[in-house]
Amino acid sequence: MNLAIDRLRKVLELERAKGYRDQAVMGGLDKLLRNLAPADPKLTGLLSQSYAALKEKEREEWVERVLKQLDGAESEAHPLPEPTPVRKQTPPPIPQPDIDTHLNARITSIKGISSSLASKFGKLGIKTVRQLIYFFPRRHIDYSQRKPVSQLIEGMEQTIVANVWEAAEKATSKRMRTTEAIVGDESGNIRVIWFNQPYLAKKLTPNSRVVLSGRVSRFRGRLQFESPEWELLESEDLVHTGRLVPVYPLTAGLYQRTVRRLVKGTLDHWLPRLPDFLPEDVRVRTALLPLSEAIGQAHYPDNELGKGQARKRLAFDELFLIQLGVLAKKRDWQEEGTGNAFDIDNDSLAPFLDSLPYTLTGAQRRSLVEIQEDMRKSKPMSRLLQGEVGSGKTVVATAAMLLAAANGYQAALMAPTEILAEQHFEIICGFLSRASGEPGDSKPVSTYNSLLHKPLSIGALTGGLKGSEKQSLHERISTGEINIVVGTHALIQKGVEFHKLGLCVVDEQHRFGVMQRSELRSKGKSPHVLVMSATPIPRTLALTLYGDLDLSVIDELPPGRTEIKTRWISPSQRHSAYDFVRRQIASGRQAFIICPLIEESEAIETKAAITEYERLSLNIFPELRLGLLHGRLSSTEKEKVMQRFRNGELDIMVSTPVVEVGVDVPNATVMLIEGADRFGLAQLHQFRGRVGRGEHQSYCLLLADTPSAEAKERLSLLQRMRDGFALAEEDLRLRGPGEFFGTRQSGLPDLKMAKLSDIGLLELSRREAIQLFVTDPYLQKPQHRLLAGEVARLWDSGGESS
């Protein structure tokens, strides 16, 4: 038997039964013919005309003509006919606004979805037709391995096509009712049992054909199927069995068979009508599937190869749209207005740089030159300065702010917390006092007379200022008397007006939303913007997360920094670790103890931290002063307890993983991490960076009760490696990008298919986006109209509509 022709015959018979609507097979008859043609060259003649392009009557004539000759098609004397040439008539396309209207309609517009069912889908974030189309399975079960009954193997997922000989409902107890059936094929029979599905006895009528897929078990010495997926063989286009079957995320009251049926029906209707927004030249150059085919294969793949090709296309789409969005942001920002071109006079920086107790590293010098080149231009700077804790970002940022002041402009540095803002103020004042030989005045304003050709004033604007102090500082900022302002989000509040803001520096930029950065920027006339991050991120990933920014990396630490000794210890050594902490505190030092990560709930994590704090305070360190930091404290409470620790009023800080990034406690020399196996490398490295900031030898102790093989590899790497960027690369390899930033945290649309660890696809999408931007930066060409709409839709909604 010719399997290709036999399958085509069955599909055409179903197409006739369905009224020639091109719904007999997912993706349409044209796709089926493309798939079958390689298996039988005699079918290639059918590819010369699109079946989807024919009118209903023409489809009927073509189907009947082909069916009549299929019986003789297996001999060379009776080749398959080519369709009678007809004038190619594409059905009138649905205007794009109408398609969008239908796709954005509530899912109750889909036949079979009631308001009650829609509310269940809503819990999964599925509210529109488009969202249902893009509701991809989390995995697939391989039910494609069809076997005769006689060749079934115990313990494996397998599929049979069989006749139902008998099916009956049985009561095994007062609460349990089962359906038992005997099915078979020409090679033998097998028992099938379903629990608590008595209705199946009526569905599985004698002599009906059924497809069963599931794991085969043994009962009383005989093989049987136990609660397999089942499907009556009414169509070759199987949904629940006999193929790679999708497994969707569910919620209470929603079942796999229901979701599969509804998704399949929606795909059958919409995929032939779905326009492809990816420009054809990009799609061909990147060898990607058409959109409709990719979505179809993502839900119901023909095989693993088709599934992989679908994921590649859909992942590319996500990354490509992100790249276009961030490139557009950068363009819009730089075209909003003419920036301030600074005169880069290195003489004005000489006293500051010469006064430093060390020479700038090569990476610091390179970053400073890149910043100076940007500030020299009238196009406003938009740059990310990336470097791990202790790499010297603040020195570089201070030099940039001094250049702004030397050019008659103001500079503002915004930090995410009061503690970090005060820390920056103190560090910068320390730099300037050393350079000028002047002590400066006390907070909130310090003035230095000999650094520049005019007095230089630096102010600290935080929420803790008294009303009169705050009002006075506001006035001095608005008149231009204050040259450099360091603060929290208080900088972007309504009452703060700058006289001539020329440079904005944003520290730990991922802690601020895009709107907050934009509000600070709006305080001046197209000021230069420098954002800083202490989280080591591999370059390609940084270009995706911050594609609207140019990138400077400080990837070397200043010489002479003491190495933090890192040790992974077993639970049996816990009390030895406590004794070590006690000895360090006795010698005048302080310590952090990090409680385990509990991903399920912040409330549970907080409760566990309180319990651990009480245990440590009462049983382990009763003679010491302990503080507690957790995510459920208010910002004021967090800052108060961290300030006490920083001031030396506490010996040990017990903390959940919220311990502040960047907080400088030079006297802290021990970081003890409980449950270290639950953290990623990047986060462990961040914790380690909380100590080793002073002159004393520091230590990081990693406690893990029952680490997995992967966790052991992470802990071993942290023991051996000190380079945050190298660790970040390893973290990407081992755990993916979640340890750096969730997409929500970075302000990016959600990713359903793409992995930020897929560096090759990241680079390809960025290259294609940049190439497209060169030729059509506003996506105004007719062939880019659909793409422009998709970019706008994705970014305007934060990715929610897909």
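How many disulfides does a search of the whole structure find? The search finds 0 disulfides, a disulfide being a pair of cysteine sulfur atoms within 2.5 Å.

This is a predicted model, in which local features need pLDDT of at least 70 and side-chain atom pairs count only at pLDDT 80 or more, while totals for chains, interfaces and linings use all residues. Residues are numbered from 1 along each chain as its sequence is written, and side-chain values use heavy atoms, with hydrogens and water left out.

Several residues are buried, a term for a relative accessible area under 20%, with exposed meaning over 50% and partly exposed in between (1.4 Å probe, protein chains only).

| Buried residue | Relative accessible area |
|---|---|
| C429 | 8% |
| C504 | 2% |
| P444 | 16% |

P444 belongs to the loop between α15 (418-436) and β11 (445-448); helices (H or I, at least four residues) and strands (E, at least two) are DSSP runs, numbered from the N terminus. Beyond its neighbours within four places in sequence, P444 has contacts that include F425, I458 and L473, where contact means heavy atoms within 4.5 Å. E469 is also in contact with P444; the two are 25 residues apart in sequence, with their C-alpha atoms 8.0 Å apart.

Charged groups also meet rings. A charge sits over a ring if NZ of Lys or CZ of Arg is within 6 Å of the ring centre and within 35 degrees of the ring normal. The charged end of R313 sits over the ring of F277, at 5.8 Å from its centre, and K500 lies over the face of Y409, 4.5 Å from the ring centre.
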